[in-house]
Amino acid sequence: MPGLPEDQIVGSVLDAIAEQRLPAGTKLGEQALSDLFGCNRANVRRALATLAAQHVVELRPNRGAYVMTPSPREARNVFQARRAIERTIAREAAGRSTPEDIAFLRRNITEEAQAKATGDKPGELRASRDFHLRLARIAGNDVLERFLSELTMRSTLILGLYSPQGSSCCAEDEHARIVDALERADSEAMVSLTTSHLEHLEAGLNFDDKPRTKLTLEDQLAPWRDPSQAV
């Protein structure tokens with residue numbers, strides 16, 4: 001994994017969060033990260049500050065850094081923000097897609113369905129997030145795309161905490177209908193279908209149970225660790 005140590009840490013933590021290998025509430029010890037990535041603690045602190053600015057890590061005074069644990073109120077706020085942003089994205093994307101975009105999205109739907117059928121939760125989560133971010137790219141607003149990238153990452157933490165399945169719960173036909181509307185350049189249908197889709201995701205949340213992991217920090221980050229940096 002090329003780049004500065006702090007970039008490697010940020011990338012590894014974000015990838016692990018996106019695939020629910022690193023769930024909410026996990027402590028990110030400075031010494032543990034320093035050992036895992038073969039760097040000094042100053043690099044770790046810069047990485048944690050970057051992750052905190054993206055609202056996926058919480059820096060607690062005198063206690064250290066933890067993967068953010070969204071409260072039910074924060075979860076609802078995230079989905080409210082997603083609806084506002086993704087409705088705009090849906091409206092702007094209509095009429096802007098290329099045949100390559102449509103082909104990508106249809107392949108994505110197939111890949112997500114295959115991952116779900118085989119119990120590949122990381123693959124399912126990746127595909128679901130890629131679907132929404134591709135729509136943002138089609139809309140052509142890089143600011144909204146950056147906002148959505150952060151919100152979808154926070155949504156993954158929320159799903160890991162509050163979804164009984166821990167996964168995206170995206171119905172294959174919901175994504176397919178959105179792509180059909182996109183191909184027709186039907187902006188009204190795009191907005192309506194996107195809104196219904198996000199409401200369905202939020203309705204599947206259960207705020208009573210919070211799963212916990214038994215994996216170590218090294219287990220959670222190991223798939224993205226550079227073997228050349230092993231200590």
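This is a predicted model: local features need pLDDT of at least 70, side-chain atom pairs count only at pLDDT 80 or more; totals for chains, interfaces and linings use all residues.
At the start of helix α9, a side-chain oxygen of Asp186 comes to within 3.4 Å of the backbone nitrogen of Glu188. Helix α9 itself has 17 residues, and the distance from its first C-alpha to its last is 24 Å, close to the 24 Å expected at 1.5 Å a residue. Its buried residues are Ala189, Met190, Val191, Thr194, Thr195, His197, Leu198, Leu201 and Glu202.

The protein contains 10 helices and 2 strands. Read from the N terminus, the order of the elements is α-α-α-β-β-α-α-α-α-α-α-α. Of the 231 residues in the protein, 46% are buried. Among contacts with a separation of 6 or more, 77% are between residues 24 or more positions apart.

Helix α2 covers residues 30-37, and Ser34 is found in it. With a relative accessibility of 8%, Ser34 counts as buried. A polar atom of the Ser34 side chain lies 2.4 Å from the backbone oxygen of Cys39. When residues up to four places away in sequence are left out, Ser34 touches Cys39, Asn40, Arg41 and Val44.

The strands come next. Strand β1 (residues 57-60) and strand β2 (residues 64-67) run antiparallel and are joined by 4 bridges. Glu58 has Tyr66 as its bridge partner in β2, while the partner of Arg60 is Gly64. The hairpin of β1 and β2 has 3 residues between the strands, and in this hairpin Asn62 takes a positive phi near 65 degrees. Arg60 also lies over the face of Tyr66, at 4.0 Å from the ring centre. Tyr66 is thus involved in two ways, because it is the bridge partner of Glu58 and its ring lies under Arg60. Elsewhere, Arg134 lies over the face of Phe104, at 4.1 Å from the ring centre.

The buried residues of α4 are Ala75, Val78, Phe79, Arg82, Arg83, Ile85, Glu86, Ile89, Ala90 and Ala93. After α4 comes Gly95, whose phi is positive, near 90 degrees.

One further feature concerns the aromatic rings. The structure holds 1 aromatic pair. Tyr162 and Phe207 form this pair, which is edge-to-face, with 4.7 Å from centre to centre and 65 degrees between the planes. Tyr162 belongs to helix α7 (residues 142-162), whereas Phe207 is in the loop between α9 (187-203) and α10 (217-221), so the pair ties together parts that are 45 residues apart in sequence.

Technical notes:
Residues are numbered from 1 along each chain as its sequence is written. Side-chain values use heavy atoms; hydrogens and water are left out. Buried means under 20% relative accessible area, exposed over 50%, partly exposed in between (1.4 Å probe, protein chains only). Rings of Phe, Tyr and Trp (its six-membered ring) pair if their centres lie within 6.5 Å; planes under 30 degrees apart count as stacked, over 60 as edge-to-face and the rest as tilted. A charge sits over a ring if NZ of Lys or CZ of Arg is within 6 Å of the ring centre and within 35 degrees of the ring normal. Two strands pair if DSSP finds at least two bridges between them. The expected span of a helix is 1.5 Å times one less than its number of residues. A polar contact is a pair of N or O atoms within 3.5 Å; within protein, one must be able to donate a hydrogen and the other to accept it, and residues adjacent in sequence count only if both atoms are side-chain atoms. Contact means heavy atoms within 4.5 Å.
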